[in-house]
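This briefing looks at aromatic contacts, charges placed over rings, and the pairing of strands. The sequence and the structure come before the discussion.

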Amino acid sequence: MDTKNIHATDHSRVIIHIDIDCFYAQVEMIKNPELRNIPMGVQQKNVVVTSNYIARETGIKKCMLLEDALRICPKIVLVNGEDLHDYRQISYKVTTHLQKYSSQVERLGLDENFLDATSLVETKLKSKHENITAKGHIFGNNENNCDCGCQLRLTVGSEIAQEIRDSIRHEFQLTCSAGIAHNKLLAKLVGAKHKPNQQTLLYPNSTCELLYQLQNVVDIPGIGRAMGDMLKNLGVSTIRELQHLNFDKLKFAFGEEKAKLIQNLSNGIDNSPVKSSGKPTSIGLEDSCRNITAIGEVKDKLNQLMNRLMVLVSEDGRIPRTIKLTIRKFDSISKMSNRESRQTNITTSLFTVKSNSIELQQKSAQRLTSTIMTLFTKMVDVHKPYHITLLGLSFTKFLERMNGKSSITSFFRKNVEVQSITNIENKNDLTTSPMECTPFSYDLSGSESEFEPSPKKTKFSKLIAKRRCFEADDCPSPSKLKVADLRLSSAKNVSSDSSDSKNSFSDDNSNSICCPPNVDAAVFKEIPKELQQEVWNDYKREMNEKQEQKLQPVIKKPKTNTLLNYFLKN
DNA sequence: TGGGGTCCT
DNA sequence: AGGACCC
């Protein structure tokens, strides 16, 4: 067997793809049951983004223009779905629920989840060997069996999928569809075969049949418009054509990596793992608008967005450290999606952290607004006429708050019973090297073995835990908890241009990191290099501020919680 | 055509 | 910062 196809016969996993039926519409029908028996759609601006199945019977499709939808189905009742808040909340509840079945649950949008059920299946097979019957539809006519045992595993997978769908229905009154197969691609494709409130099982021997039912290469998830266009230029439009296209031609067009990826996909081969999603890495809002031409309108819209955004941040519970402003300029007819964005770091001290919420006091809100407007002027010359058709704000680089359930103490308690997704760290995140982690997610993230910290990190974690005891541990009043919500990365905050960590080291004439005189040298020695850097930067900044205050004794700067404070000797 | 997200370059 | 992809 040649190495290219070494995975073609690997059917060792059982993947379940769960797709909540017309998700937004279902949520709206839960909120208002009167919508259940009439054609209804969810509207965002001029688009009906989804609809219930009654409306679909009349010919309404996803993402249909309002005009067309009304023409096809004049009776359709439309609900505004521009604020995704409720959808988002229910979506995360469903994902959290799914995590009871497997630690590997990957979100895709708000309405889809992949679940790796392999170990669940193995467990089930050990205790049960009779009455194993496929649940739901089976795709294709299964003539030749595969002898690797996948048949049995996938069959058990279909039983599990049925259980999961039943439980989602009972817990949330939500119907969903599922696909069961040996990889993500196939699970997703086969799940689409029977749609509302059904499930479909694929045995590997029917893979080709499934693939050849697709009309075009862009029907394969992973091949989008850009690649589709390039493939068209290569004379490729069907799956079969992609399967048989000369690999060197494909390689020339896309590079070896991409070429192999998409040709594998065209053969139903997808080795990508189900990646645990954890918390979002960015939280943002957008508002498209007809015609914004005045600076006052811009500020107004941005303030509204910020108010809504703070609700989301507060619910999330982490402190963001960068903000990004996105705009779309009116551009008569050129390419769509011509967005521009600018981002900058922000001080965590902007946020007032209470036990139950995160807020922006007025002064902070004003400061934030002004930094956002600075970003705006980097993209728009406000002295000339302009025309903005979209404004968006989003937060990234979150700092974990180390209290409550996600605290380090609960980490050591090994309290691993199905945590809510909002408390789960990216423990499977292999893309982030330890040195790139923020200091306070450092000890919680990147632990490869389920929930056990690796030996190296334990030492550091214990140090942090000890220090925490000094400050707040025994009396977690809101004011004390605030001490734990540290203000970090002063150096990055000071420099207005976002710079790499490499660059931010050299913002002073002294590049070397020292232990500040007021910090316990033994502790300092044990913490990671980057953390040392932060502490040292805090110290330097404090010294600089003292200098400034000597020059301007009138100005009183509010005392901030710095990382340095955290490590100060008593 | 919306209002989100993720990862890679 | 933008571009690809996903819903």
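Which residues form one aromatic cluster? In this predicted model, the cluster is made up of Phe23, Tyr24 and Tyr87.

**Aromatic pairs**

- The count of aromatic pairs comes to five, and one of them joins Phe23 to Tyr24 in a tilted arrangement, with 6.2 Å centre to centre and 55° between the planes.
- The pair formed by Tyr24 and Tyr87 is stacked, because the ring centres are 4.1 Å apart and the planes stand at 10°, an angle that falls under the 30 degrees below which planes count as stacked.
- Tyr24 belongs to helix α1 (residues 23-31) whereas Tyr87 belongs to helix α4 (residues 85-98), so this pair ties together parts that are 63 residues apart in sequence.

**Burial of the cluster**

- Phe23 has a relative accessible area of 3% and is therefore buried, given that buried means under 20% relative accessible area.
- Tyr24, with a relative accessibility of 18%, also counts as buried, and Tyr87 is buried at 1% relative accessibility.

**Charges over rings**

- Lys184 places its charged end over the ring of Phe114, at 5.3 Å from the centre of that ring.
- Arg240 has its charged end over the ring of Tyr212, where the distance to the ring centre is 3.8 Å.

**The sheet and the helix across it**

- Strands of a sheet pair through backbone hydrogen bonds, either parallel or antiparallel.
- Four strands make up an open sheet in the order β4-β3-β2-β5, and the pairing within this sheet is mixed.
- The edges of the sheet are formed by β4 (64-65) and β5 (77-80), each of which pairs on one side only.
- Between strand β2 (residues 40-44) and strand β3 (residues 47-51) the pairing is antiparallel and extends over four bridges, and Gln44 stands opposite Val47 in β3.
- Helix α1, in which Tyr24 lies, is placed across β2, β3 and β5 and runs at about 110° to β2.

Technical notes:
Residues numbered from 1 in each chain as written. Chains lettered and ligands numbered in written order. Predicted model: local features only at pLDDT ≥ 70, side-chain atom pairs only at ≥ 80, totals over all residues. Heavy atoms only, no water. Phe/Tyr/Trp six-rings, centres within 6.5 Å; stacked < 30°, edge-to-face > 60°. Buried < 20%, exposed > 50% of the residue type's maximum accessible area, 1.4 Å probe, protein only. Helix = DSSP H or I, 4+ residues; strand = E, 2+ residues; numbered from the N terminus. Lys NZ or Arg CZ within 6 Å of the ring centre and 35° of its normal. Pairing = 2+ DSSP bridges. Contact = heavy atoms within 4.5 Å. Axes fitted to C-alpha atoms, helices over the stretch in contact; angles between N-to-C directions.
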